[in-house]
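Here is a short tour for a reader new to this fold. Keep the sequence and the model open while you read.

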Amino acid sequence: MHATRARRRAEGRRRHPYADRVIDGVESWLTLPDVAERLGTDVGQVRRLVQDGALVALRHPDGIRRVPERFLVQADGAWRTVPTLPGTLVLLADAGFSDEEAVRWLFSPDPTLTPVGWPDGAVPAPIDLLAAGQKTEVRRRAQALGF
């Protein structure tokens, strides 16, 4: 587990362990077994991805941990996590974001983002740029949040 995230959890800084989980922009969530099925692995490996900070799973009011579906992308017929997501999650954790705050930030549309090749009038969220392989601006902003 990333040292900063582990320290925050030990300090009890997770503000809303059972928040409503109605996060704008997150249309669907996957349970850990669903993520494992998509990735073609076992639930233990998915738990390790969450523990290592490569994925974020939020606990819902029913007690089940879920991952935003858009954290997974399909490439060449196989599912995988968004390749640039783990590093971005580390930057957000270093900036003091809780897991829920990181998900909210990643899914919040930002009209100041100007991705290459993005349709006119569409307002992207940071997760859209990460999924499109355009991590530079997202990570620059994530780093700036820590200052």
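In what order do the three strands of the open sheet lie? The order is S1-S3-S2, and the pairing is antiparallel. Strands pair here if DSSP finds at least two bridges between them. Helices (H or I, at least four residues) and strands (E, at least two) are DSSP runs, numbered from the N terminus.

This is a predicted model: local features need pLDDT of at least 70, side-chain atom pairs count only at pLDDT 80 or more, and totals for chains, interfaces and linings use all residues. Residues are numbered from 1 along each chain as its sequence is written, and side-chain values use heavy atoms, with hydrogens and water left out.

The edge strands are S1 (29–31) and S2 (58–59), and each pairs on one side only. S3 covers residues 65–68 and joins S2 through two antiparallel bridges. S1 and S3 also run antiparallel, with three bridges between them. Some facing residues can be named. Tryptophan 29 stands opposite proline 68 in S3. Leucine 58 stands opposite arginine 66 in S3. Arginine 59 has arginine 65 of S3 as its bridge partner. Helix H2 (residues 32–39) packs on the sheet and touches S1 and S3. The direction of H2 makes about 90° with that of S1.

The hairpin of S2 and S3 has five residues between the strands. Glycine 63 in this hairpin takes a positive phi near 90°.

**Helix pairs**

Two helix pairs come next. Axes are lines fitted to C-alpha atoms, for helices over the stretch in contact, and angles run from 0 to 180 degrees between N-to-C directions. Contact means heavy atoms within 4.5 Å.

| Helix pair | Axes come within | Crossing angle |
|---|---|---|
| H2 (32–39) and H3 (43–51) | 8 Å | roughly 105° |
| H4 (85–94) and H5 (99–106) | 10 Å | roughly 120° |

The axes of H2 and H3 cross at roughly 105°. That makes H2 roughly perpendicular to H3. Angles under 35 degrees count as roughly parallel, over 145 as roughly antiparallel, 65 to 115 as roughly perpendicular and the rest as oblique. Leu32, Pro33, Val35, Ala36 and Leu39 of H2 meet Val43, Val46, Arg47, Leu49 and Val50 of H3. By class, this contact has nine nonpolar residues, no polar and one charged. Ala, Val, Leu, Ile, Met, Phe, Trp, Tyr, Cys and Pro count as nonpolar, Asp, Glu, Lys and Arg as charged, and the others, Gly among them, as polar.

H4 and H5 cross at roughly 120°, and they are therefore oblique to each other. Leu85, Thr88, Leu89 and Leu92 of H4 make the contact with Ala102, Trp105 and Leu106 of H5. These residues divide into six nonpolar, one polar and no charged.

**Two single residues**

Is aspartate 76 buried or exposed? Aspartate 76 has 84% relative accessibility, so it counts as exposed. (Buried means under 20% relative accessible area, exposed over 50%, partly exposed in between, with a 1.4 Å probe and protein chains only.) Aspartate 76 sits in the loop between strand S4 (72–75) and strand S5 (78–81). Aspartate 76 has a positive phi of about 55°, although it is not a glycine.

Alanine 131 lies in helix H6 (residues 126–131). At 41% relative accessibility, alanine 131 counts as partly exposed. Alanine 131 touches Val73 and Val82, not counting residues up to four places away in sequence. The C-alpha atoms of alanine 131 and threonine 81 are separated by 9.1 Å, and the two residues are 50 residues apart along the chain.
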